[in-house]
Amino acid sequence: MKEVLQNWLDGSLPLPGVAACCAQLPDRTYVSRSYGDGFVIAQVERVLNRLAMAADNLAKHGLEVTRLCWVFEHTRIQLVFRHDGHCLALFTDNRPGAVNPKVEDLLEGFLHLGSS
């Protein structure tokens, strides 16, 4: 699945407004991309690791987590979680006019990747 994911990300990104992305595989390895100076790969991997742990903690309290979004002053981090243990985080701009509808398509595409 790692190679499929890498090829899919390379074919789907970059997109306007997406600064970085990071996918965590069930074995806790990562497939990451950064599209500017705002984020370095090690940073997005650490952030995804911490956010995935937060989602795990929510699940332990009976909250089924499928999507999460954190909004910061300049960045929005959107996460989607698959039932097979894969998750994807997109680090996007958080400013007026920076919304790209293709981001939603990308998140949905990740949920169905490899299922056909």
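Modeller: One term before we start: contact means heavy atoms within 4.5 Å. And this is a predicted model.

Colleague: Fine. What covers the buried residues of helix 2?

Modeller: The cover includes strand 1, strand 2 (30–34), strand 3 (67–71), strand 4 and strand 5.

Colleague: And which residues of helix 2 are buried?

Modeller: V44, L48, L51, A52 and A55. They sit on the same side of helix 2, because they cover an arc of only 110° around the axis.

Colleague: How far apart are the end C-alpha atoms of helix 2?

Modeller: 29 Å. Helix 2 covers residues 41–60, and its 20 residues at 1.5 Å each should span 28 Å, so the two values agree.

Colleague: What follows helix 2?

Modeller: G62, with a positive phi near 85°.

Colleague: Switching to strand 5. Mostly covered or mostly open?

Modeller: Mostly covered. Six of the seven residues in strand 5 (87–93) are buried.

Colleague: Which way does strand 4 run against strand 5?

Modeller: Antiparallel, with seven bridges joining strand 4 (75–81) to strand 5. In that pairing, F81 stands opposite C87.

Colleague: What's in the turn between strand 4 and strand 5?

Modeller: The two strands form a hairpin with five residues between them. One of the turn residues, G85, has a positive phi of about 100°.

Colleague: And how many bridges pair strand 1 with strand 5?

Modeller: Six, also in the antiparallel sense. A23 has L88 of strand 5 as its bridge partner.

Conventions. Residues are numbered from 1 along each chain as its sequence is written. This is a predicted model: local features need pLDDT of at least 70, side-chain atom pairs count only at pLDDT 80 or more; totals for chains, interfaces and linings use all residues. Side-chain values use heavy atoms; hydrogens and water are left out. Buried means under 20% relative accessible area, exposed over 50%, partly exposed in between (1.4 Å probe, protein chains only). Helices (H or I, at least four residues) and strands (E, at least two) are DSSP runs, numbered from the N terminus. Two strands pair if DSSP finds at least two bridges between them. The expected span of a helix is 1.5 Å times one less than its number of residues. The arc is that of the directions from the helix axis to the C-beta atoms.
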